[in-house]
Amino acid sequence: PEKKMGLHCDTVREVLYDDVRVDADRRIGAEGQGMAIALSALDAGRLGIAAAATGLAQGALDLAVGYARERQQFGRAIGEFQGLQFLVADMEAAVTSARATYLHAARLKDAGRGFGREAAVAKLVATDAAMRVTTDAVQVLGGAGYTQDFPAERFMREAKVTQIFEGTNQIQRLVIGRHLLR
């Protein structure tokens with residue numbers, strides 16, 4: 001098994017197939033169409049990643065807000081300081097934007113309409129938001145955020161992989177650009 005920085009609940013191993021024959025009645029699609037079929041499945045997968053990333057960002061935001069309400073510094077809750085209020089406001093804006101983009105793409109999919117570009121946008125926006133919001137949650141918690149006593153550090157590690165799988169965010173930009181420039 002691979003030793004990953006996150007996703008410890010998901011064992012990943014390399015699997016190799018050499019000279020494997022598949023009977024015609026067991027194929028999905030026509031011979032030679034495997035790559036096209038696999039790539040089309042990515043659009044739906046990107047929606048799932050966007051939704052998961054949004055939930056991860058929401059969890060980090062909730063943790064940071066709860067901590068900011070409770071943690072006392074200089075005789076008052078740290079959430080009363082304007083700088084921290086700006087930080088959590090930006091976190092909320094990122095989560096709200098992520099949720100809106102993935103729901104828009106999901107509605108198009110549910111309606112049977114094309115949603116490839118929108119899925120790529122949702123994956124890009126939501127996963128970048130998850131990385132930013134989880135990193136900011138660690139910051140809000142300060143030294144405590146860097147410990148395993150709170151889930152903020154784990155949220156940050158888990159957010160990183162969302163920018164990588166189902167196509168990196170650099171690939172999402174390529175997909176979006178190609179859709180726009182067709």
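Author: Apart from its neighbours within four places in sequence, Ile 78 is in contact with Tyr 67, Ala 68, Arg 71, Gln 73, Leu 84 and Val 140; contact means heavy atoms within 4.5 Å. This is a predicted model, in which local features need pLDDT of at least 70 and side-chain atom pairs count only at pLDDT 80 or more, while totals for chains, interfaces and linings use all residues. Residues are numbered from 1 along each chain as its sequence is written, and side-chain values use heavy atoms, with hydrogens and water left out.

Ile 78 lies in the loop between strand S2 (76–77) and H2. Helices (H or I, at least four residues) and strands (E, at least two) are DSSP runs, numbered from the N terminus. Ile 78 counts as buried because its relative accessible area is 12%; buried means under 20%, exposed over 50%, and partly exposed in between, with a 1.4 Å probe and protein chains only.

Not counting residues up to four places away in sequence, Ala 77 touches Ala 68, Arg 69, Arg 71 and Gln 72. The C-alpha atoms of Ala 77 and Tyr 67 are 9.0 Å apart, although 10 residues separate the two along the chain.

Phe 74 sits in the loop between strand S1 (72–73) and S2. Phe 74 counts as exposed because its relative accessibility is 73%. Its phi is positive, about 55°, although Phe 74 is not a glycine. Glu 166, in the loop between H4 and helix H5 (169–180), has a positive phi of about 60° and is not a glycine either. Glu 166 is partly exposed because its relative accessible area is 27%.

Beyond its neighbours within four places in sequence, Leu 84 is in contact with Ala 68, Ile 78, Gly 79 and Val 140. In the largest nonpolar core, which has 37 residues, Leu 84, Met 91, Val 133, Val 140 and Leu 141 have the most contacts. Helix H1 (34–70), helix H2 (82–110), helix H3 (116–141) and helix H4 (152–162) each supply at least two residues of this core. A nonpolar core is a set of buried Ala, Val, Leu, Ile, Met, Phe, Trp, Tyr and Cys residues joined through side-chain atoms within 4.5 Å. In soluble globular proteins, nonpolar side chains tend to be buried together.

Now the whole chain. The protein has five helices and two strands, in the order α-β-β-α-α-α-α along the sequence. Of its 182 residues, 34% are buried. Residues 24 or more positions apart make up 73% of the contacts with a separation of 6 or more. The C-alpha trace spans about 75 × 40 × 25 Å along its principal axes. The radius of gyration is 20 Å, whereas a compact globule of 182 residues would have one near 16 Å; the radius is taken over C-alpha atoms, and the globule rule is 2.2 Å times the number of residues to the power 0.38.
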